[in-house]
Amino acid sequence: MSANFLYTIEVILNGLMAGVMYSLVALGFVLIFKASGIFNYAQGVMALFAAMTLVGIQQGQVPFAHLINAAFGTKIHHFGWTVPALMAILLTLVVMILFAILVERIVLKHLVNQEPIILFMATIGLAYFMEGMGDLMWGSELKTLDIGLPSGGSLWLEEATVGWGAEGSGFYGLFIDKLDIVATGVALALVISLTLFSQYTKTGRALRAVADDHQAALSVGISLRKIWVIVWAIAGFVAMVAGIMWGAKSGVQFSLSLIALKALPVLILGGFTSIPGAIIGGLIIGVGEKLFEFSIGPMIGGATENWFAYVLALVFLIFRPQGLFGDKIIERV
Amino acid sequence: MTETASAAAAGDSAADAEKLLEVNNIEVIYNHVILVLKGVSLDVPKGGITALLGGNGAGKTTTLKAISNLLHSERGQVTKGSILYRGESVADLSPEQLVKQGVVQVMEGRHCFEHLTVEENLLTGSYTRRDGKAAINRDLDMVYTYFPRLRERRKSQARYTSGGEQQMCAIGRALMSNPETILLDEPSMGLAPQLVEEIFEIVKKLNEQEGVSILLAEQNTNVALRYAHYGYILESGRVVMDGTASDLRENPDVKEFYLGVAEDGQKSFRNVRSYRRRKRWLS
């Protein structure tokens, strides 16, 4: 096989893996949008906050250390212990669930039956609040997230495929980051379990009912407040998973929250209301931007990855605004 | 007309029956400014079909929503008067708690969950129940027996079913909560007369065989008075007349303004006026 062909395969594979990472973020958006019609601007910050909390708990950091030190003149930063990764993940999950309950109590409860744009504005406020809260609790320095996920190139895959290239072609086997493989597995498990949950459990059915018609759901005795807490808790869980994966890949710092921006084109492609759409949209964007960079990038000076996704989203907005899998937009008169 | 005669007879005996639901002179305001109900009182006896009649904007739906406490989510508020269910105030109950107590509303315009299948729609109705799968499946079967059409369509998404099937689905969904009282809002809306007849027949059967009490809001006075035992007529937020269904049917004013037949058998459009005799509360 020619080296060029093999490189293309490698690019596609890496694109798929990057796409999975985008999908992870997009999933959180879709969940909340489906159930409550809210575009949750804070989703990216939720991922950042979850990752920060995870690192903080794991390393035994004292929350609000700077605040406490400034107020009482103490110099505490760490409890002096470290928490095992799994335990830290569970504790972070507890924090995210508490956060969901607070959001419902403090914000959503008072905005029942308001225009979507008002709810959207509320999530913008929420995003800035969480960003500040995260910094205040755990400090704003760059942190490394290490919960023992494998990373680095997969030597096994390289050795298995090195023979595919011709002798002396400079092909050393397909390169895939092990972390990406793990992320793929995690995303797959997440989507399968979310689908099973929403299709086959009573609560899942209630979630879908609320997504369809709030008033009717109320009328049959489904408590909207309970459902919203559940939805935000699940979104918090998904944000945590995304935060872990992205945090492990590129460190935990403010720019982590900007991955939400990369999720936007994914959503426009896949449709805001479709879980499979979020996955496939992510894969298309991932593969698309890598292939474009690889094949056309060199001709126009590279760095196409920064804008390719948005241009693709623009094209979709013009020709298929509901996305690939979204509900057809039908105006009834 | 034998069936209506028997319905009327049942109505007379139901008048002495236990009061399940009492609405006492309630006033409802939307958004703190819009006064919609200006003193509505009514009783729903156990085991009866009570009709709430009136034109558009008379306040039928608002009355039902005030009872089921769905008003809050529409920024409405009961500002005066009281609503008692089995003698206890419902003011502080959430819709969820009311469903658990046995009061469920079938909303105007069906409101099925479009993306759920018919069977899933029915099952959401059992959300508040804690009496186990077996009992729920038994009731599912009961609903299918009353609405055989739903059994045929059980696997199709609700949005692809016809208006009549959606209305049946909405009623069936309410039944799945194992209710004592159903607040049925305008079941005839947008349906062919034959289908309206079919649905009312089933409602009547449910009332007789399952003992479900029904408060029915309807614009179709003619059909409603044939199936109900007792009726209240609402006009711009007030009850202007009430009586047994047979009395109302025979009342010349009701005939003229709601049934569209005048004494001489023709509706006189020349003297159209609305009927406004207020019920006296403090008599």
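1. Helix 10 of chain A has 27 residues, which at 1.5 Å a residue should span 39 Å, and its end C-alpha atoms are 38 Å apart, so the two agree. The expected span is 1.5 Å times one less than the number of residues. Helices here are DSSP runs of H or I with at least four residues, strands are E runs with at least two, and both are numbered from the N terminus. Just after helix 10 of chain A, A:Gly251 takes a positive phi of about 80 degrees.

2. A word on the basis: this is a predicted model, where local features need pLDDT of at least 70 and side-chain atom pairs count only at pLDDT 80 or more, while totals for chains, interfaces and linings use all residues. Residues are numbered from 1 along each chain as its sequence is written, and chains are lettered from A and ligands numbered from 1 in the order in which they are written.

3. Because 20 of its 27 residues are buried, helix 10 of chain A is largely enclosed by the rest of the structure. Buried means that 20 or more other C-beta atoms lie within 10 Å of the residue's own; 12 or fewer makes it exposed, anything in between partly exposed, and C-beta atoms are placed from the backbone.

4. The largest nonpolar core has 167 residues, and those touching the most other members are A:Ala26, A:Ala47, A:Ala51, A:Val210, A:Ile222, A:Val231 and B:Leu216. Helix 10 of chain A gives the most to this core, with 17 residues. A nonpolar core is a set of buried Ala, Val, Leu, Ile, Met, Phe, Trp, Tyr and Cys residues joined through C-beta atoms within 7 Å. Leaving out residues up to four places away in sequence, A:Ala47 touches residues including A:Ala239, A:Ala242, A:Gly243 and A:Trp246.

5. Now for the contact between the chains: 17 residues come from chain A and 26 residues from chain B. On the chain A side, helix 8 (202-212) and helix 9 (214-219) are the elements that give two or more residues, and helix 8 of chain A gives the most, with six residues. Contact means C-beta atoms, placed from the backbone, within 7 Å.

6. Chain B has eleven helices and ten strands, and 46% of its 283 residues count as buried. Among its contacts between residues at least 6 apart in sequence, 73% join residues at least 24 apart.

7. Strand 7 of chain B (residues 181-185) has five of its five residues buried, so it is largely enclosed by the rest of the structure. Which residues lie on each side? B:Thr181, B:Leu183 and B:Asp185 are on one, B:Ile182 and B:Leu184 on the other.

8. Strand 7 of chain B runs parallel to strand 6 (residues 103-106) of chain B, with four bridges joining them; here B:Val103 stands opposite B:Thr181. Strand 7 also pairs in the parallel sense with strand 8 (residues 213-218) of chain B, over five bridges, and B:Leu184 stands opposite B:Leu216. Pairing requires at least two DSSP bridges between two strands.

Conventions:
Contact = placed C-beta atoms within 7 Å.
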